[in-house]
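Reader: I am new to this structure. Please take me closely through one part of it, the surfaces where the chains meet.

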Amino acid sequence: MSHTLGEIAKLIGAELTGNPECEIHGVGTLERAGTGEISFFSNRRYINHLKNTRASAVILKKEDQPWCPVYTLVTADPYLTFAITSRLLNPETSVRPEISPSSSIESSAFIHPTAYIGPNVSIAADVKIAEGVYIGPGCAVGKGVCIGANTRLYANVVLYDSVSLGARVILHSGVVIGADGFGIANDRGKWIKIPQMGSVLIGNDVEIGANTTVDRGTLDNTIIEDGVKIDNQVQVGHNVHICEDTAIAGCVAIAGSTRIGKHCMIGGACGISGHIEICDDVILMGMTGVANSIKEPGTYASGIPAMDVKSWRKNVVLFKQLYVLNNRIRKIKTNDQL
Amino acid sequence: MSHTLGEIAKLIGAELTGNPECEIHGVGTLERAGTGEISFFSNRRYINHLKNTRASAVILKKEDQPWCPVYTLVTADPYLTFAITSRLLNPETSVRPEISPSSSIESSAFIHPTAYIGPNVSIAADVKIAEGVYIGPGCAVGKGVCIGANTRLYANVVLYDSVSLGARVILHSGVVIGADGFGIANDRGKWIKIPQMGSVLIGNDVEIGANTTVDRGTLDNTIIEDGVKIDNQVQVGHNVHICEDTAIAGCVAIAGSTRIGKHCMIGGACGISGHIEICDDVILMGMTGVANSIKEPGTYASGIPAMDVKSWRKNVVLFKQLYVLNNRIRKIKTNDQL
Amino acid sequence: MSHTLGEIAKLIGAELTGNPECEIHGVGTLERAGTGEISFFSNRRYINHLKNTRASAVILKKEDQPWCPVYTLVTADPYLTFAITSRLLNPETSVRPEISPSSSIESSAFIHPTAYIGPNVSIAADVKIAEGVYIGPGCAVGKGVCIGANTRLYANVVLYDSVSLGARVILHSGVVIGADGFGIANDRGKWIKIPQMGSVLIGNDVEIGANTTVDRGTLDNTIIEDGVKIDNQVQVGHNVHICEDTAIAGCVAIAGSTRIGKHCMIGGACGISGHIEICDDVILMGMTGVANSIKEPGTYASGIPAMDVKSWRKNVVLFKQLYVLNNRIRKIKTNDQL
């Protein structure tokens, strides 16, 4: 896949300074890109990499053009423009229709003739698989599952019974959708399992990272709306509802029945309690704990950043006695006032 | 599966107000349940849902009966009673005996004729599988593993060699039991792996959530006693011992050789250090870090809840200097005393 | 596998007090080891176990010899010496060459005749598998993957296309190497996926625990150098670089493009931000959050240890107002100075 710089500039809507006939075949970092490759510059920390780049062209902002020794493509948002350029130069491989002879498919399953079913896949009864779907090796698809067009399951994904996926969904390896939620009731010390009768509905254009788990609902469904992007090793509890275009970084834990609004950005390793609501347009910094509903858009945090262990020991002891410290201060104030 | 309200009231031991002949076929939330469905009310936050419910009947406490527009089943613990009712109306599907032709089974393995072995399962030598066991697609069962009666492994579970599971155990997809513990010794900068010769013993009525991992012991076994319930993505280190009827929510990390008592409730995303003991009847709130043994029953916490990012920045700076603050306060006190 | 105590003393370089002809066949804990077994003592907490041991011999330090009722092997580092002894008595089982008939292997893949390929494995085109490699059941190996000599993949490991593993690597079950990094760019509220064109390079003697995920790089590769040991459920983001002989405990989250130096020890459940550098010889205690680069070797922490819930409630309220407290203290000081 190769384009001229002129073609690229037109397709991505950037202003080209340089030879429009220059052939571009790939993308690369400022440090490593060479002839025929295009790079981007959006972080001033890497200014020296820009000054020394051997890329054929660089996508950047107008104000950074003076430092660039090679052809430039000027744009307002270099990171986004780079994303678009990279997609142009690295189009998704098309799915080659095939049903592996080592797959196990129930006769009542419908598989569109343009779909690919890999080795050692198992597909249960009453499954519906739309056009252009890719099911990688070792996946297990439960009874009555529906998979929308051009959705892609990498190797060893598990979909429990009756899960529904939209179109253009990407599920990475080890993802488990629809396992039982953690529903137990205590009967004089013994736990009784509550049947998890809901399912999981996943919209269009959702991507879910490796080894992430999304539990089925207890009575109603767990819902992930269109355009949601979830990284690796995220846990989504039963009856959670995640609204459109929210992005969730790795290792986040979301407890049951919580609703997360649209356009949120949840940083890595956050923990979110059950039965709360996070409104639209909330940003959580990494390792934030959310115990109560958040009703105002904005940025929130609670993580404690690393310090040397000696300071930490002294601070932690005091943290555990903050209210004692506070009482002491109050008394001082009283003394002062006398 | 359908019952009359009268039958249900008798079976669950609740006091019925309403028509005992009313047919009930399922359970639902207060909001969505309709004719023929039963719901429950245990959280005052949802009082409006109760007032507007279209369920045929609601399980609730005596004192909440006045607000209920439909038939009622009065009980002391509506959540528990609902759990029992839901199990009654949604009995587990029985296991259909079958050995999939695409499974790979060593000839020395014993598989009870009532068991189900799904597609693409591999079963190694000297395995023993009791009556009514269900092994979902893609599971791998190592040498010498024992699986008790009516235990269920969903798709893509891995049991390493010599792991032992009790009866009525449920392992969700992606669970890995018996991988090597993290045992390494440092030899002048290089790590030497310590053979992990113990195994994992799991009792009866244990449920383990999707993608949870339980490591084998170094010399002795890792032990999970009867009735323990573990959610998704929990990590249980080597030689951990979890006692009866403890419940552990998602994303908890438990380091090696730690013992957790009976009837504990561990909230989501807690971290528990190695080589410590947590006594019986301890509750940990979500995101708690436990570095030392807990010797008194009770509730413990250490998570920091989210705040707006501006307050957080100021507080975190001060937290890192708490001991400086403390010293300043001490000096003030001295001045006061002069 | 059995040795005399005299042979063992010579092989591990320890000073024997006792009968050199005593036969030893295994290792055990001080509490449980019996005749023919060897144990070790390195933690004074277990002094009573030492005094009552029934092991045939104990590895310990010179100064602890007086308390030992049985034969002793004296050494400077009992834990390390025990590791070496255990490896001696529990050698790795050698790989039996075989290609399971239920595996699916593309014709262009090269598999060394000494390798083992288990049931239900799928191996894509242009894969290279060296001598002595073990691929457990249900693994999926993508196009162009290279696997070095004597490397071992337990059941249900996934390697995406073009991943490269060195020699003597161990990957535990559920590991996913090479899934797409979390690369998305925002276009007026919608997320655009950035193609992840890099790969993952893993050096020699690396061990990776169950259900850990290592993402492929965006443009350059994600790199894990020789001798790195990673525990279960760790998340390694795209373009992370982990240097030689670093050890990472369970449930750590490492965001993209971060570099971790040599000989670091990262405690369990730490969270490490993206685009930072941690220098060589850093130790992070469990649950530490690292938001900025660490430039000095040493030990760092930020976790808050558990306290009883009443104290915690009071402290957390004050933590959220630390800057208010600080302002009050400043005013007091001013008053004092008047």
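Author: Start with the interface of chain A and chain C. These two chains bury about 5,500 Å² between them. Of that, 65% lies on carbon and sulfur atoms. Buried area here is the accessible area, taken with a 1.4 Å probe, that two parts lose on being put together, summed over both. The size of an interface is often given in this way, as accessible area lost when the parts come together. In chain A, the residues that lose the most area to chain C are A:I304, A:F319 and A:Y323. Together they account for 11% of what that side buries.

A word on the source. This is a predicted model, in which local features need pLDDT of at least 70, side-chain atom pairs count only at pLDDT 80 or more, and totals for chains, interfaces and linings use all residues. Residues are numbered from 1 along each chain as its sequence is written, chains are lettered from A and ligands numbered from 1 in the order in which they are written, and side-chain values use heavy atoms, with hydrogens and water left out.

The confidence values come next. Chain A has a mean pLDDT of 96 (the predictor's confidence in each residue, from 0 to 100). In that chain, 98% of residues reach 70 or more. The model scores ipTM 0.96 and pTM 0.97.

Back to chain A and chain C. Contact, meaning heavy atoms within 4.5 Å, joins 64 residues of chain A to 68 residues of chain C. Four salt bridges cross this interface. A salt bridge is a side-chain nitrogen of Lys or Arg within 4 Å of a carboxyl oxygen of Asp or Glu. A:D245 and C:K190 meet in a salt bridge, at 2.8 Å from N to O.

Which elements of chain A touch chain C? Those giving two or more residues include α3 (78-89), α4 (309-319) and α5 (322-337). Helices (H or I, at least four residues) and strands (E, at least two) are DSSP runs, numbered from the N terminus. The largest share, eight residues, comes from α5(A). This side of chain A divides into 32 nonpolar, 17 polar and 15 charged residues. Ala, Val, Leu, Ile, Met, Phe, Trp, Tyr, Cys and Pro count as nonpolar, Asp, Glu, Lys and Arg as charged, and the others, Gly among them, as polar.

Now turn to chain B. Here the contact takes 68 residues from chain A and 64 residues from chain B. Chain A and chain B bury about 5,500 Å² between them, with 65% of it on carbon and sulfur atoms. In chain A, A:F182, A:W191 and A:L219 lose the most area to chain B. B:D245 forms a salt bridge with A:K190, the closest N and O atoms being 2.8 Å apart. Polar contacts link 32 residue pairs of chain A and chain B, both at pLDDT 80 or more. Among the elements of chain A that give two or more residues to this side are β21 (176-179), β22 (184-187) and β23 (190-193). α5(A) gives the most, with seven residues. The side of chain A that touches chain B has 35 nonpolar, 24 polar and nine charged residues.

Methods
Polar contact = N/O pair within 3.5 Å; in protein donor to acceptor, adjacent residues only side chain to side chain.
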